[in-house]
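Please keep the sequence and the model in view while reading.

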Amino acid sequence: MSKAEKSLNEKIAELDKKVEWFYSDDFKLEDAVENYKNAAELAKEIEGDLTKLKNEIEVLAEDFTK
Amino acid sequence: MSSAGSIQMTPTELVLAVNQTLEYAYSSVTVVGEMASFKVNQGKWVFFDLKDEESSVPCFMTLWSLRQPLEDGMKVMVRGTPKLTKWGKFSLTVDTVQPVGEGSLRKAFEMLKKKLEKEGLFDPAKKRKIPEDLTRLGVISSVQAAGYADFIKIINARWGGMKVQVAHTQVQGMDAPDQIMRALKYFNERGEVQMIAILRGGGSADDLACFNDEQLVRAVAASKIPVICDIGHEVDESLSDLACDVRASTPSNAAEMLTRDRAEELTKVRRAMMKTSQVVVNGAETAREANRDKVKKISHGILIKYIEPELSKIRENMVGVLKNIERVLSERENYVKQKIVMLGALNPEVVLRQGYAILSGKISPGNDVKITTYDAEIIASVKKILERKKYE
């Protein structure tokens with residue numbers, strides 16, 4: 001799934017995973033800066049989504065009386 | 001043929017004429033009364049009388065149309081068409097019947113609850129959870145209902161990025177169960193949404209009675225897509241509530257259960273990133289300390305191996321330098337001592353002690369001059385100046 005197709009929930013779940021890495025045994029200082037950069041970029045994207053994203057409400061044209 | 005003011009017809013024609021008149025005048029009537037003589041024939045047909053203090057109307061319906069268990073003595077509302085049978089018996093052909101009034105509603109509710117409970121329709125083990133990544137939601141409600149407006153307002157305030165399809169149906173009255181069932185079928189057949197929310201909000205017991213419709217309750221329980229119900233207030237309980245997967249107490253509560261709070265998430269994301277940046281900084285600090293110790297060890301090794309011999313040479317050189325300095329200083333000291341001796345010899349006091357005198361003042365005849373000896377200072381007057389013969 002590409003970045004554009006990811007839902008807000010999926011992005012948050014991905015960020016959670018990225019953040020978890022920093023507290024895990026896999027943590028390596030050599031990779032930390034790059035991983036932090038990636039996480040910060042994703043966090044910024046999520047912040048943007050959280051502020052701007054709206055729900056799409058569609059009242060169906062279907063007639064349920066019949 | 002007809003006599004004056006009268007129409008002649010056969011019994012069949014009369015029945016047909018009466019039925020046409022009834023259909024024209026009362027194509028559909030709603031009658032509220034007390035149920036009496038309730039019976040089911042051949043497992044297909046339902047007969048009962050609807051009565052009040054003065055009158056009684058026989059009613060007929062199919063068992064399939066009966067949506068709730070009923071019994072004699074219940075106050076019910078029936079909707080149907082009045083008809084005359086070919087045997088000349090008047091009756092009401094009933095489409096729908098539902099109990100009305102608190103006592104009858106409670107009784108019907110308890111009877112159906114017991115029946116469906118036995119069948120396992122309310123089994124907690126069958127309940128499904130709200131999908132974690134809910135992005136496609138189906139809503140069944142009346143778009144005019146206050147509860148619906150509250151729900152939409154709250155989900156919009158709390159979250160974004162969801163596609164919400166709304167099936168506009170009645171949420172009270174005799175037609176509501178069928179309409180809600182059609183909407184449930186619509187969402188289940190298309191499979192486009194991950195969760196279905198049936199929203200009703202508060203109302204009287206009569207208003208909410210449609211959610212105790214047996215077929216609707218079964219449809220809610222059978223939905224392939226998980227269903228959340230918000231029917232009535234917290235204190236109200238409908239059988240649809242019991243059959244659904246998740247029960248909400250109010251439309252706001254349903255919205256809160258289905259969505260995260262964006263403000264809360266924003267704070268969480270920012271806090272997580274701050275904490276993570278601290279982890280990186282701490283890691284870097286730890287690494288720097290570790291490296292510093294390493295550097296210390298390495299530099300100590302280098303000191304012993306490479307610098308120490310050089311330092312010995314420097315030390316040796318320094319000894320030579322110091323000796324030279326000492327020698328130069330000693331020579332300087334002797335020189336100064338000699339100069340002191342020489343200066344001592346030039347001291348006027350020494351000269352005076354040897355018997356010489358010092359003459360000061362303008363030496364010309366008639367002037368006073370000062371003569372300083374070792375013991376005295378003498379003022380004398382110059383009488384005459386003579387040239388002295390030198391012995392150099």
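Which residue of β10(B) does C229(B) stand opposite? The residue is R247(B). The model examined here is a predicted one, and the account begins with the strand that holds C229(B).

**A covered strand and its partners**

β9(B) pairs with strand β8 (residues 195-201) of chain B in the parallel sense, over 5 bridges. In this pairing, I198(B) stands opposite C229(B). β9(B) also pairs with strand β10 (residues 246-247) of chain B, again in the parallel sense, over 2 bridges.

| Helix pair | Axis separation | Crossing angle |
|---|---|---|
| α3(B) (residues 146-158) and α8(B) (residues 251-258) | within 8 Å | roughly 30 degrees |
| α4(B) (residues 176-190) and α6(B) (residues 214-222) | 9 Å | about 20 degrees |

How do the axes of α3(B) and α8(B) lie, roughly parallel or roughly perpendicular to each other? Their axes cross at roughly 30 degrees. Angles under 35 degrees count as roughly parallel, and α3(B) and α8(B) are therefore roughly parallel to each other. α3(B) passes α8(B) in a right-handed crossing. From α3(B), the contact is made by G147(B), D150(B), F151(B), I154(B), I155(B) and R158(B). From α8(B), the residues are P251(B), S252(B), A254(B), A255(B), E256(B) and L258(B). Sorted by class, this contact has 7 nonpolar, 2 polar and 3 charged residues.

Helices α4(B) and α6(B) pack at an angle of about 20 degrees. That angle makes α4(B) roughly parallel to α6(B). α4(B) passes α6(B) in a left-handed crossing. The contact is made by P177(B), I180(B), M181(B) and L184(B) of α4(B), together with Q215(B), L216(B) and A219(B) of α6(B). By class, the contact of α4(B) with α6(B) has 6 nonpolar residues, 1 polar residue and no charged residues.

**Residues with a particular backbone or position**

S37(B) is not a glycine, yet this residue has a positive phi of about 55 degrees. S37(B) lies in strand β1 (residues 29-41) of chain B. With 13 other C-beta atoms within 10 Å, S37(B) is partly exposed.

Q42(B), also not a glycine, has a positive phi of about 55 degrees. Q42(B) lies in the loop between β1 and β2 (45-51) of chain B. Is Q42(B) buried or exposed? Q42(B) counts as exposed because 6 C-beta neighbours lie inside 10 Å, and 12 or fewer is the limit for that class.

P365(B) is placed in the loop between β11 (358-360) and β12 (368-372) of chain B. P365(B) has 9 C-beta neighbours inside 10 Å and counts as exposed. Although P365(B) and V382(B) are 17 residues apart in sequence, they are 4.8 Å apart in space, C-alpha to C-alpha. Leaving aside neighbours within four places in sequence, P365(B) is in contact with V382(B), K383(B), K384(B) and I385(B).

**Where chain A touches chain B**

The contact takes 31 residues from chain A and 35 residues from chain B. On the side of chain A, the elements that give two or more residues are α1 (8-23), α2 (29-52) and β1 (56-59). α2(A) gives the most to this side, with 11 residues. The residues of this side of chain A divide into 20 nonpolar, 4 polar and 7 charged.

Strand pairing also joins the chains. β1(A) and strand β7 (residues 163-168) of chain B run parallel and are joined by 4 bridges. Which residue of β7(B) is the bridge partner of E58(A)? The partner is Q165(B).

Technical notes
Residues numbered from 1 in each chain as written. Chains lettered and ligands numbered in written order. Predicted model: local features only at pLDDT ≥ 70, side-chain atom pairs only at ≥ 80, totals over all residues. Axes fitted to C-alpha atoms, helices over the stretch in contact; angles between N-to-C directions. Parallel < 35°, antiparallel > 145°, perpendicular 65-115°, else oblique. Left-handed = near helix turned anticlockwise from the far one by under 90°. Contact = placed C-beta atoms within 7 Å. Nonpolar A, V, L, I, M, F, W, Y, C, P; charged D, E, K, R; others polar. Buried ≥ 20, exposed ≤ 12 C-beta atoms within 10 Å, placed from the backbone. Pairing = 2+ DSSP bridges.
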